[in-house]
Amino acid sequence: MSEIDELVVSFIANVNINDDKTNEIAIKITNLIKHKKCKLVQIIVSLKDRFISEDEKERIKALKCLSSVLYNSEPDQLLKNDVSVIVNFYMSKITDNAVMLECFMGLNALMSMKYITIDETTKLLKFLQKDYQSKDYLAAVRNYPFEILLNVYNRWFTQLKDNKNFADLFIQTYISVASGEKDPRNLLISFQINKLIVTTFKVESFQFSQALFDILFSYFPITFKPPKDDPYRISNSDLKLALRSAISASDIFAQDAFSNLIDKLGATSPAIKNDTLLTLLACINKFGGKACIEFWLPMWTALKFEIMHGGDSSETYLDPLAENKSNDLITEGTTPQVSNLQSNYHLSLDILRALAYQLVELDESAFNKYVVHILDELKPNFEFTKDLRQSCNTLAAIGSANLITFNKVVDLALPLFLENTTEISKLKLMLLNLSYFLDSYIKVTKSLENDKEKLEDFIKNNHLNNSKDEILMILGMALTGNSKIEVTVRTLSVIQFTKMIKMEGYLTKEEMSLIIQYITETILTDNNKNIYCACLEGLKVISQTHEDLVYEVSLKELLNLLPNRFDELILYHKDDELIQVEVILKVILDFTTSRHVLIKESIVALSQKLTEVYITGDSEAVDYCFLILSTIYSLLDNNFAVLDENTVSEIKEQTEESLFSILKNNKGDNSILFDNQNLSLLSNILYFANVNFKRNQHQTELLRYTKLFVDTDKILENPSRLVLPYVKILSALDKDCKFDEASSVMERTVALIENSNKNAMTNLEKVGYMEMITILTNKWYNSNMESALIERYVNWDDQSTVNLEMIAWIGKGLIMKNSASSSIILSHFLELLNDKNIGIIVSKLFELFVVDINSMNKRKGITWTNNVKLLYKQKFFNDVFQNLVTSYKAPNLSLDIKCNYLTALSLILKHTPNKLVEQFMVDLLPMLLQALEMPNSEVRISALDTLKDTTEKFGLLITENIDTLIPLLLKLVVPGSKFNDVLVRLLSLQLLGLLATSVPLNYLKPYKEEVINGLLLTLSDKKRVVRKQCIDTRQIYFELGQVPFE
């Protein structure tokens, strides 16, 4: 048996068993032919007996083998004679219904061959047109005629364009093949071919336009829902888009498409109407103005109801194009596209806009007729203020097409409602409706942003310029000339002012400055929340495009208003307008977000102000300094991600000297150095000033700061509060910096801590020195030095609190970098929990291992400051949890020792993400329930927090323990116990309320009366927040099991 025969036999054996194998064999046979190691005729000879076999399955396998070989062949691989013979062979077999799929597969491959003739192609097309009945075959068979048509189109494109008879036959064949098709995969190809026909053979297809359109529109609207196991992954969106693209492909469909789509606008289904509107919009954009002249009036009539009774708040994403955010502009030379918000209301407006564009491009008089007709219908609405919002939005949408439409609409519409009035109701309406025309201006300018010449022409010649002074006057009076109780009017004026600045080229620099000044005055002098938010948003939006102007007009003014003394009154423009320092600082903090210049200038100016305030030296200066420091810290913390290296370097260079002068200027009780909160804030500010500072300067800075604090200020000789800023700066610097003094600093720090009882070290100072130990351990003690570190400084014989705390801080530095050496310290601490004397002290130190230190947290884009691992808490929790649970369950354990384990666990949970805890809930829940009875409020709070966060996810587990949990919670809500502090009572009430939605009703209902009565005493709790939560929780249980009233 020859190699070819072997391959053929192998192919036949694998048909319908292993498709990958058959394809592999077909490729091998094709390669043999390609490299002239065999001829196609040899394959046919090998399959000859099977071709004529009476066994249907044998004929199918044989033809599939030949077709698979052809499918894998190159277009120029077969000679002209081979192609002719094989085509005739397939045409002789095509009447055999059993092998139709395999015949079509082979013919489809042949249609792309180089030497296929037009006569052979015509023969196949005639068969498909006259003798092929698609309804007799499955979808897989029906797919091939569509593929054949695509191959014919690609192979004979030139001949189809030049030969009318050939093109007619192609179109007639398509009509015959496509009629009645239902398979989604085949429909996608059908819509594609239809589109190719009407765009490529426009003249030839005109006589078939009705039939071609009927094939398409019979599927409109698409209601297809894909099955879950669809191998082709065809979605409803795919079909909608393909059909829409085909219907709107050529204006030969204009008459049929417009009339049928207008009829469909009467559909009651919002989804169908949405699809219709999108298709109608696509048709308008593709067909052009000439096709629209006849149909704009019936379109307006059909759309008017949707517009007048719709609303711009009904935004729903009903169509896949809704996600195409690039379609919300009209670019010059193109047609208007659908806006990003795909509600039917907005789509209707988009259609009117597209009509305006097409008509004005065709003939300005046609557009004039269009807009005048619509205006005449809408005019009564202006007189009676009925549907005024929709009317203005309609006209503004029409005007947003280009300069001509904009000017025409502005000339006709603005005089109808724009007037200076003192009537609040009219003023509100005017401000609301003016917004649509400002939006219209913005849409036109955005559409022209790639054509500077036309953009400049629009900015110069738009007719809204004629009303600019009047609009500014009206908005200015609405904002400043009305009482503060007119919140709506004042808010609307701020919104419109903001929008006017967004209008490219509309306002001069002086006019923008005036608006910024208006908004700044308003945000400072009006304490209404809505107005504050509107002004804040306005300043943010304006600073995106005019940051320098906002700095000069607004931020400088705000900074200059800050007094040098906390008790000075701030009078703003009017004698009766008093402004609080807190308000100014809050505004600065809120609106400078994410703007480099504003953030930098704010920090620099506030640092200078801090120096001026501190010089006063009075008792209130400390409070004022706290406000300023809090603002600077928040500006740095909130905007860390947007402050680049250069900006941070500039901030540091301009502020560090003044900050250090304050730090070193000791004024006793009024000193920042001796105020815990101010010192902490200032230290963290120095951290931010260094963490993103030029990295190549970190080594120099490390040496400079060490010399300053250690050598000059001698913080390691005696306890000093200056250790706090030094520690924060150390934590900010590059961990790869060479720090030769690290061992010396560690030794001297440990010595200071060990003598803390003798040298009068304060708690804050102790925390600073302890944090220094952690930072040194984490950053400058590598794995080779860790053993020596533990041997030198970890003394388990000394069980004093100070020594245990110091060991814990060393352990923290090791744990945070997932060091193997950390297990030595951790295992000893776990053992010490069982110690009757120091177990309670050790249990509280477990919180230290997982508590976050702000300056040691990982920040996006900053990887060089420390060796803290992202998942260190997960590893730590996995290491200790099972040990704690096992030890807790040990027999003959006293209650005090159990309390130690529960305390340690609860304090760990307090700082551990809930996702890490979930997998341990089965073992953890019994311990949490017992923790609720422990005489420690922190333990109770931690247990309640964990229960609250996991109740919804573990409803079944909670349900099994409901008989224990509810009585415990009812004990915790009772005021009076020293361990039931406010947070314990509040969390217990919240958890009780949460149980009502997480536990099945039949389990919870027996406790209904018990809970309602058990909360009676809590109704008179001293804390309002507890009383309110108690009322809400009792109401939930009152309604438990009741049918909601409809």
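## The annotated span

UniProt, in an unreviewed entry, places the feature "domain: MMS19 N-terminal" at residues 45-309. The model you are looking at is predicted.

An aromatic contact gives us a handy way in. Phe191 and Tyr219 form an edge-to-face pair, because their ring planes stand at 65 degrees, with the ring centres 5.7 Å apart. Phe191 belongs to helix α11 (residues 184-200), while Tyr219 sits in the loop between α13 (209-217) and α14 (236-247), so the contact ties together parts that are 28 residues apart in sequence. Both Phe191 and Tyr219 are buried.

In total, the structure holds 38 aromatic pairs. A pair of rings is described by how far apart the centres are and by the angle between the planes. Phe406 and Phe458 make another edge-to-face pair, with 5.3 Å from centre to centre and 65 degrees between the planes. Here the partners come from two helices: Phe406 lies in α22 (residues 403-417) and Phe458 in α24 (residues 452-461), so this pair ties together parts that are 52 residues apart in sequence. Phe406 has a relative accessibility of 1% and counts as buried; Phe458, at 0%, counts as buried too.

Rings also gather in a group: Trp796, Phe829, Phe846, Phe849 and Phe876 form one aromatic cluster.

## Salt bridges

How many salt bridges does the structure hold? There are 34 salt bridges, and a few of them are worth a visit. Lys728 forms one with Glu771, the closest N and O atoms being 3.0 Å apart. Lys728 is in helix α36 and Glu771 in helix α38 (residues 763-780), so the bridge ties together parts that are 43 residues apart in sequence. Are these two residues buried or exposed? Lys728 is buried, and so is Glu771.

Lys664 is partly exposed, with a relative accessible area of 34%, and Asp713 is partly exposed at 22%. Since buried means under 20% relative accessible area, the value of 22% places Asp713 in the partly exposed class.

Lys426 and Glu423 also meet in a salt bridge, at 3.8 Å from N to O. Lys426 is partly exposed at 40% relative accessible area, and Glu423 is partly exposed with a relative accessibility of 40%.

## Where charges meet rings

Arg704 lies over the face of Tyr705, at 4.5 Å from the ring centre.

Conventions. Residues are numbered from 1 along each chain as its sequence is written. This is a predicted model: local features need pLDDT of at least 70, side-chain atom pairs count only at pLDDT 80 or more; totals for chains, interfaces and linings use all residues. Side-chain values use heavy atoms; hydrogens and water are left out. A salt bridge is a side-chain nitrogen of Lys or Arg within 4 Å of a carboxyl oxygen of Asp or Glu. Buried means under 20% relative accessible area, exposed over 50%, partly exposed in between (1.4 Å probe, protein chains only). Helices (H or I, at least four residues) and strands (E, at least two) are DSSP runs, numbered from the N terminus. Rings of Phe, Tyr and Trp (its six-membered ring) pair if their centres lie within 6.5 Å; planes under 30 degrees apart count as stacked, over 60 as edge-to-face and the rest as tilted. A charge sits over a ring if NZ of Lys or CZ of Arg is within 6 Å of the ring centre and within 35 degrees of the ring normal. UniProt positions are given in the numbering used here, feature names are shortened, and annotations may be inferred rather than shown by experiment.
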